[in-house]
Amino acid sequence: MRHDAPLSASGTIRTTCPYCGVGCGVLATPDGSGGAAIAGDPNHPANRGRLCSKGSALGETLGLGSRVLHPLQRNASGGYDRVSWEVALAAVAAGLKEIMAEHGPDAIAFYLSGQLLTEDYYVANKLMKGFIGSPHVDTNSRLCMSSTVAGQRRVFGSDTVPGCYEDLDCANLIVLVGSNAAWCHPVLFRRIQQNRAERGAKVVIIDPRVTATAEDSDLVLALKPGSDSVLFAGLLVHLADHGLTDTTYLARHTTGFAETLANAREIASDLAGVAARTGLAPADIATFYELWASTPAVVTAWSQGVNQSAQGTDKVAAILHCHLATARIGRPGCGPFSLTGQPNAMGGREVGGLANMLAAHMGYSPAEIDRVGRFWQAPNMARHEGLKAVAMLDAVAEKRIKALWVMATNPAVSLPRADHALAAMKALDLFIVSENVLSNDTLRAEPGFILPAAAWGEKDGTVTNSERRISRQRAFLPLPGEVRPDWWIICEVARRLGFAKAFAYSGPSEIYAEHATLSAFENEGSRDFDIGAHSILDRRAYDALLPVQWPVPAGSPGGTARLFTAGGFFTRDRRASLKPLATPALASAVSEEYPLLLNTGRVRDHWHTMTRTGLSPRLSAHIVEPSVCLNPADAARYGLADGGFARVETSHGAVILKVALDPGVQEGSLFAPIHWSAETASDARIGAAVQPLCDPQSGQPEMKATPSRIAPVTYAARGFMLSRDPVALPAGSWWVSVAVEGGQGRLFATDAMPEDLMVHCRATFGEDGLVEMLDRKAGIYRCAATRDGKLIAALFTGPADRAPLWDTVRLAFADPDHAPENRLALLSGRRLDGAADPGPIVCACFGVGLNAIRSAFESGAAVTSEDIGRELRAGTNCGSCLPEIRRIAGNRNREAAA
Ligand SMILES: Nc1nc2c(c(=O)[nH]1)N[C@H]1C(S)=C(S)[C@@H](COP(=O)(O)OP(=O)(O)OC[C@H]3O[C@@H](n4cnc5c(=O)[nH]c(N)nc54)[C@H](O)[C@@H]3O)O[C@H]1N2
Ligand SMILES: Nc1nc2c(c(=O)[nH]1)N[C@H]1C(S)=C(S)[C@@H](COP(=O)(O)OP(=O)(O)OC[C@H]3O[C@@H](n4cnc5c(=O)[nH]c(N)nc54)[C@H](O)[C@@H]3O)O[C@H]1N2
Ligand code: SF4
Ligand SMILES: [Mo]
């Protein structure tokens with residue numbers, strides 16, 4: 001597929017979405033005042049014009065209001081001074097030199113991110129491992145992809161995703177393991193659903209939790225947490241016992257099958273054994289095994305339910321074993337498929353940005369150290385593997401690491417045992433953070449330097465998506481303030497450390513060409529990652545680069561859709577290496593003290609720690625509050641009511657969340673979202689409660705099953721506040737902030753009395769222009785503050801059992817010219833134009849609320865989700881709300897039948 005030039009006559013730029021690893025092509029048309037119109041790129045092979053709700057709302061996240069625009073240095077009184085780049089860079093370099101001189105290079109670490117561009121990543125990795133001489137480069141990909149990396153390296157000999165997205169279009173069976181793709185990889189999920197609708201492909205979901213993804217599937221296997229490798233070991237036994245293995249492929253292209261099968265028999269001897277260990281019904285297991293066995297075109301795709309596990313590497317290996325045993329790999333419509341999390345988690349792996357990798361898919365063997373050292377002409381090569389994320393923060397806590405540079409990640413939220421990480425970072429001798437935003441939880445650890453980095457729309461470079469496709473991210477906005485790209489910041493520090501020659505790049509195109517040259521250096525087919533054809537790209541060719549799948553070896557610029565069709569693995573003997581599983585299946589043990597397993601993950605419309613999606617009112621209206629989801633039976637057991645509050649506690653920390661009853665969560669489990677931080681909620685930073693237990697092979701933490709307990713929490717009153725600017729609530733209140741049209745919202749719960757809130761509001765907003773309503777007996781206080789005839793703030797509170805009129809007042813607030821004579825009507829909570837309250841937003845793309853959808857079903861105007869699309873447009877853009885619309889339809893039909 002050919003592309004147009006990156007820059008069209010209308011000023012539209014072709015770039016790539018900065019969120020998930022689907023890697024959708026985006027058309028951005030700057031509006032000339034800092035914003036841009038966003039559309040899907042119809043020519044990009046990943047999405048062919050589609051975008052999900054997050055991608056569609058990118059335009060709402062481009063504002064500079066929350067950005068850090070100048071280098072900042074911490075001063076003696078604990079504040080920050082704005083300093084010039086010259087001062088900041090010199091001081092950072094001097095600090096690093098001092099620590100190197102006093103404690104050696106191993107006292108320095110970088111903690112990077114799959115949201116950096118490949119070029120940023122490459123120079124950071126090169127600086128640390130070749131020039132500073134420390135191996136301690138790890139990244140948030142350790143929390144995300146490292147079990148896949150370890151599993152693929154163990155079995156294939158290389159970190160290779162063999163297949164491509166087209167396989168999802170032409171498979172006859174797609175198995176999603178530990179993936180909520182409807183919410184987390186929505187555009188790929190749509191491709192899967194299209195295959196299901198048009199070609200009749202079957203979809204099987206393996207997840208302890210019944211998710212939106214499961215709504216659109218043919219079989220749901222809600223197994224016990226952590227039991228995936230038992231299920232897949234059982235599949236291997238089933239394949240062998242039914243004579244369905246491909247003995248020719250096994251003999252020619254693999255080793256270790258006999259031992260692996262013998263081990264699988266120990267783990268999963270028969271259906272009853274698998275049923276007992278997975279908690280699944282024998283009939284469902286049998287259906288799954290028969291379906292998998294009888295469908296040659298099968299893709300098994302997985303995500304964090306597999307990776308973020310104390311047995312993640314084994315889970316990955318167990319899946320790969322089944323595909324290898326049947327030679328279902330590297331051919332159209334079949335293969336194992338790791339869904340990448342971040343936009344450039346794959347690019348980071350290519351560069352070698354993991355503590356146990358060196359560079360360009362090379363490890364730390366003497367020959368590889370020598371080769372990379374010669375290529376870089378490096379004076380100080382790191383000679384052994386470095387510390388992986390969790391161990392790195394332990395070393396920070398133990399003062400073995402004294403200098404840490406964090407780039408493009410928010411570890412104070414996203415690491416397990418996050419309070420411990422936060423405290424450790426606070427005590428560093430030298431702490432540097434390269435960031436987009438002025439305020440996040442990691443910045444609360446008081447870095448010595450905050451370096452303002454270019455954000456999406458300003459950055460320029462490449463990313464690699466889940467199917468090994470390298471795409472350009474192109475800048476379409478000017479660099480604001482003194483913001484600089486991450487690669488530039490790193491190279492300027494390198495220069496000041498005395499490594500000017502090795503870091504004298506004119507721009508990302510030169511860095512990329514060097515990275516490509518290294519990938520091909522003394523490669524000769526020995527390494528999977530080879531993009532040698534790109535080593536000759538000049539700046540113009542780089543700017544015009546079309547999305548292409550690696551390997552792209554010299555002389556073969558068209559890329560490679562699939563690998564391993566005829567073996568050719570990257571082990572020493574070129575055979576895939578099957579090995580017995582090493583770790584016992586099943587997640588961490590519960591106890592009397594902590595009887596539940598805390599599962600954590602994502603919601604549809606937020607990205608990670610919300611530094612960007614939290615700015616969008618549209619994206620903030622789907623799931624407004626951080627809730628712990630649990631089975632109604634457990635709720636009854638622990639005295640919890642839907643919509644109430646609960647304290648979730650582990651041996652590492654505790655959070656307070658809203659309670660949401662969800663029959664899709666199995667008994668004995670809790671599910672909590674990862675997105676809320678100390679910036680956006682009072683008590684919802686779940687990372688503080690997550691255990692640091694890691695997979696022994698990959699070092700990836702088990703973030704899906706922390707032993708925990710739950711108990712109800714009550715507050716005397718609930719309410720909400722809307723204001724143009726952020727305003728504090730009385731101490732001790734539980735709150736969550738919500739981006740709303742025209743300002744900021746806060747939903748809260750408090751033990752403060754209405755009178756106390758009245759005093760608080762009068763002090764905060766001033767009594768001038770304040771209309772109030774106080775009903776002491778009913779415990780109600782409401783106020784609306786106006787200035788110059790405009791509504792600037794409102795606060796409503798009442799007893800906990802009364803629903804506050806959030807959605808109604810939020811809409812009134814969106815209209816800045818809201819007529820003052822309506823203020824009293826506002827206090828009554830009636831929607832002023834008489835229109836119906838839309839309720840929570842279901843379709844983020846077109847802003848369609850739950851109430852509108854319900855009433856379309858109730859009035860008979862709609863019967864199916866397609867009718868809703870025609871009537872209200874909901875679900876017709878990205879489609880990620882379709883499972884919810886179908887669920888509403890289902891509920892409605894059940895009600896109607898009853
Ligand atoms: N909306 C949205 N999309 C995103 C992101 C985001 O922040 N928001 N982040 C991106 C990133 S970086 C990533 S890594 C991906 C993650 O994408 P996913 O992995 O799909 O998302 P998660 O919600 O982390 O977890 C997936 C599922 O694993 C299940 N699970 C838990 N334990 C087990 C188990 O033992 N076995 C099995 N089979 N399943 C289990 C959980 O119940 C959950 O439904 O999403 C990407 N896309
Ligand atoms: N309990 C639990 N914890 C988890 C997970 C889970 O499922 N459960 N998932 C894990 C996974 S898979 C992931 S990927 C992580 C994600 O966790 P994080 O990486 O910590 O989350 P983000 O919010 O994406 O943080 C990115 C930060 O970098 C900044 N930033 C964005 N772009 C740039 C840039 O180009 N340059 C610079 N310098 N800064 C930038 C943003 O402002 C933001 O502060 O969370 C992990 N933690
Ligand atoms: S699926 Fe959505 S978040 Fe992921 S790359 Fe595409 S538009 Fe971005
Ligand atoms: Mo991730």
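1. Before anything else, a definition: a polar contact here is a pair of N or O atoms within 3.5 Å. Keep in mind that this is a predicted model. With that cut-off, Gln115 makes a polar contact to ligand 2, because one of its polar side-chain atoms sits 2.7 Å from a ligand oxygen.

2. The side chain of Thr600 puts an N or O atom 2.9 Å from a nitrogen of ligand 2. For Thr611, a side-chain N or O atom is 3.3 Å from an oxygen of ligand 2. On its own, ligand 2 has 920 Å² of accessible area, and the protein covers 98% of that.

3. Now the wider shell. Ligand 2 is surrounded by 29 residues, and the closest are Gln115, Ser414, Glu435, Lys459 and Thr609. Sorted by class, the shell has 14 polar, 10 nonpolar and 5 charged residues.

4. Where does the shell come from? Domain 2 (72-143 + 344-516) and domain 4 (596-713) each supply at least three residues to the shell around ligand 2.

5. On the overall fold, I count on the assignment of 31 helices and 34 strands in the protein. The C-alpha atoms fill a box of roughly 80 × 70 × 60 Å along the principal axes.

6. Does the size point to a compact globule or an extended chain? The radius of gyration is 27 Å, which agrees with a compact globule, because one of 898 residues would come out near 29 Å. As for burial, 63% of the 898 residues are buried.

Definitions and conventions
Residues numbered from 1 in each chain as written. Chains lettered and ligands numbered in written order. Heavy atoms only, no water. Near = heavy atom within 4 Å. Polar contact = N/O pair within 3.5 Å; in protein donor to acceptor, adjacent residues only side chain to side chain. Areas by Shrake-Rupley, 256 points an atom, 1.4 Å probe, with all protein chains shown as cover. Nonpolar A, V, L, I, M, F, W, Y, C, P; charged D, E, K, R; others polar. Domains from an automatic or database assignment. Helix = DSSP H or I, 4+ residues; strand = E, 2+ residues; numbered from the N terminus. Rg over C-alpha atoms; globule rule 2.2 N^0.38 Å. Buried < 20%, exposed > 50% of the residue type's maximum accessible area, 1.4 Å probe, protein only.
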